[in-house]
Amino acid sequence: MQFETSQHLYQDAKQFIPGGVNSPVRAFKAVGGTPIFFTHGQGAYIFDVDENSYIDYVGSWGPLILGHANPDVVQAVQTYASQGLSFGAPTAIEVDLAKLIVDIVPAVDMIRMVNSGTEASMSAIRLARGATGRDKIIKFNGCYHGSCDGLLASAGSGLLTLAIPSTPGVPKSYTEETLIAEYNDLEQVKQLFQQYGKEIAAVVLEPVAANMNLILPQEGFLAGLRDLCDEFDTLLIFDEVMTGFRIGLSGAGGHYGITPDLSIFGKIIGGGMPVGAYGGKVELMNHIAPAGEVYQAGTLSGNPVAMAAGLATLMQLQQNNYYHRLTENTGIIVEGLRKAAQKHQVPLHISQFGSMFGFVFTEATEITRFNDVKESNINQFKHFFHALIQQGIYIPPSAFEVCFVSTCHCETEIEKTLSAFEQAIKALG
């Protein structure tokens, strides 16, 4: 494949946009090479400026569970866009989407729309602090909740130390109320509660960690967090930006039978448009202005075009039995990749959660925390990524991200994918 136009555009972009991209992972820094500039998508495929086509497993990083340019979603967007792009005032369709989410997510009785997952995370944590009158939060190493200052934190020198900023530009004072634990390590969380107890407003996590590759919760981990939060009158916040409506309508919380106090959403609820949301029980959500005193606002929140895309997406998911087929097709892809790795004796660990899957080049038989992924063979991933690109398969350009399967990935696309996986794995062996 040739990428001359992408290369030219990237050089031009770097003169006007920091790093040439508007979100860091797009720059291909983790895998090397020039980022690909795309023109359009259709179903399971995306097309670049050099007229190359790819079977897409990024799906705009998760929202496009129905594939690119789904006719119902496109029609809904066109209809509402033709009536006006934004009003900064209430519209009926934001109520319709809120009603639908409340109807299908057991943990949510009331929801507030915002414009991104980052904004939803920031607002949910502010709400937790305002409702409890406490300041500290517990987050988990490797779980990502957007680029909020207080959440861009790394663990300090010891377990029971306060977090430190993980990026320049974040003052230490912004993260000093953040406590860090290892994902899947309930004992660490217990120790934090023993030391800080009634100071902790909330525990926030991805119930299925999908920003350090794909790591599933070990048995008893989520239930243990729920019990600890109940014991200390602390709020449990599930960040379901990635997992919400991906495994099923009730998300990871419903799948594991754990009810959080607050849930954070994004991605699929916007159908590909910029959107985020956070929701929970009525008594908690009524702390938010103007019903309560915890302030949060956004000029474009509940944007009618974004609401139309989200509503059209969720209605299709509610009305059709897609989830079983999505999980089944993803399983075929995962099993094919596993067999290819075994055949060519390439150490590989693969995880699946519904229509999401992740893989790590490692000898380890179990991946339970962030450091397990960090210690994997990142160099092998780089070679694997570029080998797939040459065969028309587009996966996330980072070993710490996950792949997404849509309803448009059917037998033909799966066969092509497995053939490409076989060749890419063989080249590593």
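In the predicted model, the largest nonpolar core comprises 73 residues, among which Phe245, Phe359, Phe384 and Ile395 touch the most other members. Helix H10, spanning residues 304–319, supplies the largest share of this core, with nine residues. When neighbours within four places in sequence are set aside, the contacts of phenylalanine 245 include Ile65, Ile101, Ile104 and Val105, together with Gly251, Phe265, Ile268 and Ile269, and also Leu314, Leu317 and Tyr323. In soluble globular proteins, nonpolar side chains tend to be buried together.

The axes of helix H6 (residues 186–196) and helix H7 (residues 221–231) come within 10 Å and cross at roughly 10 degrees; because angles under 35 degrees count as roughly parallel, H6 and H7 are described as roughly parallel to each other. By residue class, the contact of H6 with H7 consists of six nonpolar residues, one polar residue and one charged residue.

The buried residues of H7 are Phe221, Leu222, Gly224, Leu225, Arg226, Leu228 and Cys229, and these pack against strand E5 (136–141), H6, E9, E10 and helix H8 (251–256). Aspartate 233, which follows H7, has a positive phi, near 55 degrees.

Strand E10 (residues 235–239), one of the elements against which the buried residues of H7 pack, has five of its five residues buried, so this strand is largely enclosed by the rest of the structure. From E10, Leu235, Ile237 and Asp239 point one way, whereas Leu236 and Phe238 point the other way, and all are buried. Strand E9 (residues 200–205) runs parallel to E10 and is joined to E10 by four bridges, with valine 203 standing opposite leucine 236 of E10.

Elsewhere in the model, four strands form an open sheet of mixed pairing, in the order E1-E2-E3-E15. Strand E1 (38–42) and strand E15 (393–394) stand at the edges, each with a single partner strand, so one side of each is left without a neighbour in the sheet. E1 and E2 pair in the antiparallel sense over four bridges, and the bridge partner of glycine 41 in E2 is isoleucine 46. These strands, E1 and E2, form a hairpin with two residues between them, and glycine 43 in the turn has a positive phi of about 65 degrees. E2 is also joined, by three bridges, to strand E3 (residues 53–56), the two strands running antiparallel; here tyrosine 45 stands opposite isoleucine 55 in E3.

Phenylalanine 47 lies in strand E2 (residues 45–48). With a relative accessible area of 24%, phenylalanine 47 is partly exposed, because residues count as buried under 20% and as exposed over 50%. Not counting residues up to four places away in sequence, phenylalanine 47 touches Phe38, Thr39, His40, Gly41 and Gln42, as well as Asn52 and Ser53. The C-alpha atom of phenylalanine 47 is separated by 8.7 Å from that of phenylalanine 37, the two residues being 10 residues apart along the chain.

How values were computed
Residues numbered from 1 in each chain as written. Predicted model: local features only at pLDDT ≥ 70, side-chain atom pairs only at ≥ 80, totals over all residues. Heavy atoms only, no water. Core = buried A, V, L, I, M, F, W, Y, C linked by side-chain atoms within 4.5 Å. Buried < 20%, exposed > 50% of the residue type's maximum accessible area, 1.4 Å probe, protein only. Contact = heavy atoms within 4.5 Å. Axes fitted to C-alpha atoms, helices over the stretch in contact; angles between N-to-C directions. Parallel < 35°, antiparallel > 145°, perpendicular 65-115°, else oblique. Nonpolar A, V, L, I, M, F, W, Y, C, P; charged D, E, K, R; others polar. Pairing = 2+ DSSP bridges.
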